[in-house]
Amino acid sequence: MYEKRRDKRHELHVNLVLKPITNAENSRTLDLDVEVTDASHGGIGFISPEFLEVGTYYDAQLQIWSKAVVETILEIVRRVQLSDGSYNYGAKFIGMNDKDAIKFDIYDMFETAKEKQQE
């Protein structure tokens, strides 16, 4: 299968805190314990029981592999309902400072080196 994504994805299981920024009427903070299925420099995939609209934006706080918290803006770009009623989401990072973005690159370099050692 041809991989269309630019950035390599890595498994990550963390807590994700989202606050909607596209709808002034719905400004509640969602503290979701989601199963982040993958994360990369470009975005994340996650599973959640919460229904989120495609095309909506969220201020997000994401704890990454190093236990550092990355603050970014996420855009929900994909939603697929699963057989158990939960949803599989794809979200891309819209606003992330360079200091946080490089953390993904560094992790990717370490994982790539580890994979090469195992070959």
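Me: In which sense do β6 and β7 pair, and over how many bridges?
Reply: β6 and β7 are paired strands in this predicted model. β6 covers residues 69–81 and β7 covers residues 87–96. Their pairing is antiparallel, and the bridges number nine.

Me: Which residue in the turn between β6 and β7 has a positive phi?
Reply: β6 and β7 make a hairpin. Five residues lie between the two strands. In that turn, phi is positive, at about 95°, for G85.

Me: Which residue of β7 stands opposite V80?
Reply: The pairing of β6 and β7 is antiparallel. Within β7, the residue facing V80 is N88.

Me: How many bridges join β5 to β6?
Reply: β5 spans residues 57–63. It runs antiparallel to β6. The bridges between β5 and β6 number seven.

Me: What is the bridge partner of Y58 in β6?
Reply: β5 and β6 are joined by bridges. For Y58, the partner in β6 is L74.

Me: Which residue takes a positive phi in the hairpin of β5 and β6?
Reply: Five residues lie between β5 and β6 in this hairpin. A positive phi near 75° occurs there, and the residue that takes it is K67.

Me: How far apart are the C-alpha atoms of Q61 and E71?
Reply: Q61 belongs to strand β5. Its relative accessibility is 36%, so Q61 counts as partly exposed. Along the chain, Q61 and E71 are ten residues apart. Between their C-alpha atoms, the separation is 4.7 Å.

Me: Which residue forms a salt bridge with E75?
Reply: A search of the whole structure turns up one salt bridge. E75 takes part, and the closest N and O atoms are 3.8 Å apart. That falls within the 4 Å limit for a salt bridge. The partner of E75 is K92.

Me: Where do E75 and K92 lie in the chain?
Reply: E75 and K92 are 17 residues apart, and the pair links distant parts of the chain. E75 sits in strand β6. K92 sits in strand β7.

Me: Is E75 buried or exposed?
Reply: Buried means under 20% relative accessible area. E75 has a value of 15%. K92, at 38%, is partly exposed. E75, then, is buried.

Me: How many aromatic pairs are there, and what kind is the one of F51 and Y87?
Reply: The count of aromatic pairs is three. F51 and Y87 make one of them, with 5.5 Å from centre to centre. Their planes stand at 75°, and planes over 60 degrees apart count as edge-to-face. So the pair of F51 and Y87 is edge-to-face.

Me: How many residues apart are F51 and Y87?
Reply: F51 lies in the loop between β4 and β5. Y87 lies in strand β7. The pair links distant parts of the chain, and the gap is 36 residues.

Me: What kind of pair do the rings of Y87 and Y89 form?
Reply: Y87 and Y89 are both buried. Their ring centres are 6.0 Å apart. The planes meet at 40°, so the pair is tilted.

Me: Which residues form one aromatic cluster with F46?
Reply: F51 pairs with Y87. Y87 also pairs with Y89. One cluster holds F46 together with F51, Y87 and Y89.

Me: Which side chain makes a polar contact with the side chain of D38?
Reply: D38 is in strand β3, residues 35–39. At 18% relative accessibility, D38 counts as buried. Its side chain makes a polar contact at 3.3 Å, with the side chain of T37.

Me: What accessible area do I102, I106, M109 and F110 have together?
Reply: These four residues, I102, I106, M109 and F110, form a nonpolar patch on the surface. I102 is in helix α1, residues 98–118. I102 is partly exposed, at 45% relative accessibility. Together, the accessible area of the patch is about 420 Å².

Me: How far apart in space are D105 and S40?
Reply: D105 lies in helix α1. D105 is partly exposed at 36% relative accessibility. D105 and S40 are 65 residues apart in sequence. From C-alpha to C-alpha, the distance is 8.4 Å.

Me: In what order do the elements of the chain run from the N terminus on?
Reply: The chain has one helix and seven strands. Of its 119 residues, 35% are buried. From the N terminus on, the order is β-β-β-β-β-β-β-α.

Terms used: Residues are numbered from 1 along each chain as its sequence is written. This is a predicted model: local features need pLDDT of at least 70, side-chain atom pairs count only at pLDDT 80 or more; totals for chains, interfaces and linings use all residues. Side-chain values use heavy atoms; hydrogens and water are left out. A salt bridge is a side-chain nitrogen of Lys or Arg within 4 Å of a carboxyl oxygen of Asp or Glu. Helices (H or I, at least four residues) and strands (E, at least two) are DSSP runs, numbered from the N terminus. Buried means under 20% relative accessible area, exposed over 50%, partly exposed in between (1.4 Å probe, protein chains only). Two strands pair if DSSP finds at least two bridges between them. A polar contact is a pair of N or O atoms within 3.5 Å; within protein, one must be able to donate a hydrogen and the other to accept it, and residues adjacent in sequence count only if both atoms are side-chain atoms. Patches are made of residues with over 30% relative accessible area and no salt bridge: like charges are joined within 9 Å, nonpolar side chains (Val, Leu, Ile, Met, Phe, Trp, Tyr) within 5 Å. Accessible areas come from the Shrake-Rupley method with a 1.4 Å probe; for residues, only the protein chains shown count as cover. Rings of Phe, Tyr and Trp (its six-membered ring) pair if their centres lie within 6.5 Å; planes under 30 degrees apart count as stacked, over 60 as edge-to-face and the rest as tilted.
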